[in-house]
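Hi,

Here is the model I promised you. Have a look at it first, and my notes on the rings and the DNA side follow below.

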Amino acid sequence: MEGKACHAQIIYVGLQTDVLTSNMLINMYAKCGLVDCARKVFDKMPERSLVSWNTMIGSLAQNGEEQEALTLFIGMQREGTTCSEFTVSSVLCACAAKCAMFECKQLHAFAIKAATDLNVFVGTALLRWYVQNELYEEALVLFHKAQMMGLEQNQFTISSTICACAGLAALIEGNQVHAVLRKTGLGSNIYVASSLIDMYAKCGCIGEAYIVFHSMEERSIVFWNAMISGFARHAHSLEVMILFEKMQQMSMYPNEVTYIAVLSACSHMGLVEKGQKYFNLMIKEHSLSPNVLHYSCMVDIFGRAGQIHEAYEMIKNMPFHATASIWGSLLSSCRVYGNLELAEVAAKQLFVLEPNNAGNHILLSNVYAANKKWEEVAKSRKLLKESEVKKERGKSWIEIKDKVHSFMVGERNHPKIAEIYSKLDHLVEELEKLDYKAETAHDLHYVEEGRKQELLRHHSEKLALTFGLMCLPSNAPIRIMKNLRICGDCHSFMKLASSFTGREIIVRDTNRFHHFRNGCCSCGDFW
DNA sequence: TTAGGGTTAG
């Protein structure tokens, strides 16, 4: 109100035409959240300076009016006003919030042309934009470029970069950033430390994540959640529960994110009663309203444990429309337990919600096959073949030195592919001596048995494993990332391979880790 | 007279 009174006084004495005063007024209104008042002052200005434009664009960007900020920026260009690093960083923030990829890419080029890309504000906004839009590789390229040019790194650029490494599960890159932290001391920042825990957990190094967790005295809720989510991702349910208790002893109370981690740990381990206990605790003890993700966890908990009807009841009674992910979880459970009736219910919903997801058709045909409904299997396969729907191809990747090696199922292009196949054949022979038999039961391609076995043998994670065995030192764990869920055959194969080679093998599939050691998997064969 | 930012989610 003081500002408004002051504005009235300025108008009274006739100072409103002064550019400097108007700029200050725009700024004052924007800081008070009165962006409309700021805009009125801006619109009435007979002439505007660069600062007027910058202040107005920045105000709009910060007050959630991103589209208007972009429109004004275009207007500024049309008027021929040269922009500065202030303009570029504000407009970049607006683009990142809007996820306007095209504008952002144009703006990046614009920033380079206007020689503003070396400005720390501009660089930070660019990095943030890339990470927010999951363009992690671009983010890392930018970070390396900044490093080569000797530009300043700060806690903001570093936490975004670590987030990019986490998104790519790029451990070697992540380790390099960690080394920068050790030199600069930026690792003691709570945001940086939280993203570091997340990065190590997502790269399969849960022990490293815990070392970071243990080293910090300051602990925020996000920091606790990052560690608990990491343990959940690795199916270390006991550690999840211990930390859940410990945080409360230290007067830090769980929030919605904590409960998602706790419930997902229960689902990965088949802990139905514990899951129900936590779900009730969340509502009654901590007064939190479960969101669609919590319900999704509960459907998963019941479904994975074979309580398909309870899972379906949960869906029917929840206060939200079920998402594709929830119906997908039910359909997967139906496949595992051969429940045809509910598989058809789930599939019907999924075909509407995800018409382009071939996996749903395949799951349904698997349930038909498990129930020996061969006519329906054929119909379902025909439908899939006729539609435009394509199944996502299996892909695995592994980091060796500073390079990511990627393998598709039946890979032909890798430079060492001949040697890989030959070594893999040899490994299969050795494992067959330990009673390994290719499990083709769930692989329902209409192909003859020999060909089925060949397809299974060339699953991408087996190729990545073989390449890891060829290239990595004998004591190094082999970390493999995969874009789909690991199949039953590869799971058995990895267990035997860990025993035969004496190696630790870590496989991350769509949303969790499997640690294979001495012939066993951390998931206890429940996933 | 003008700038902001980063972390956790079945």
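Aromatic pairs first: the count comes to 14, keeping in mind that this is a predicted model. One of them is Phe73 with Phe110, an edge-to-face pair with 5.7 Å from centre to centre and 85° between the planes. This pair ties together distant parts of the chain, since Phe73 belongs to helix H5 (residues 66-78) and Phe110 to helix H7 (residues 101-113), 37 residues apart. Phe110 comes out at 24%, so it is classed as partly exposed.

Tyr436 and Phe493 are another pair to look at. Their ring centres are 5.3 Å apart and the planes meet at 80°; because that angle is over 60 degrees, the pair counts as edge-to-face. Again distant parts of the chain are linked: Tyr436 is in the loop between helix H24 (417-433) and helix H25 (449-457), while Phe493 is in helix H27 (residues 488-501), 57 residues apart. Both Tyr436 and Phe493 are buried.

There is also a cluster, in which ring pairs join Tyr210, Phe213, Phe223, Trp224 and Phe231. Trp224 has a charge over its ring as well: the charged end of Arg219 sits there, 5.3 Å from the ring centre. Elsewhere, Lys277 lies over the face of Tyr278, with 4.7 Å to the ring centre.

Now for the DNA. How many residues surround DNA strand B? There are 41, and the closest are Gln62, Phe156, Asn189, Cys297 and Asn511. By class, this surface has 14 nonpolar, 21 polar and 6 charged residues. Helix H12 (residues 190-202) gives the most to it, with 6 residues.

With Ile260 the contact involves the backbone, where an N or O atom lies 3.4 Å from a sugar or linking oxygen of DNA strand B.

Cheers

How values were computed:
Residues numbered from 1 in each chain as written. Chains lettered and ligands numbered in written order. Predicted model: local features only at pLDDT ≥ 70, side-chain atom pairs only at ≥ 80, totals over all residues. Heavy atoms only, no water. Phe/Tyr/Trp six-rings, centres within 6.5 Å; stacked < 30°, edge-to-face > 60°. Helix = DSSP H or I, 4+ residues; strand = E, 2+ residues; numbered from the N terminus. Buried < 20%, exposed > 50% of the residue type's maximum accessible area, 1.4 Å probe, protein only. Lys NZ or Arg CZ within 6 Å of the ring centre and 35° of its normal. Near = heavy atom within 4 Å. Polar contact = N/O pair within 3.5 Å; in protein donor to acceptor, adjacent residues only side chain to side chain. Nonpolar A, V, L, I, M, F, W, Y, C, P; charged D, E, K, R; others polar.
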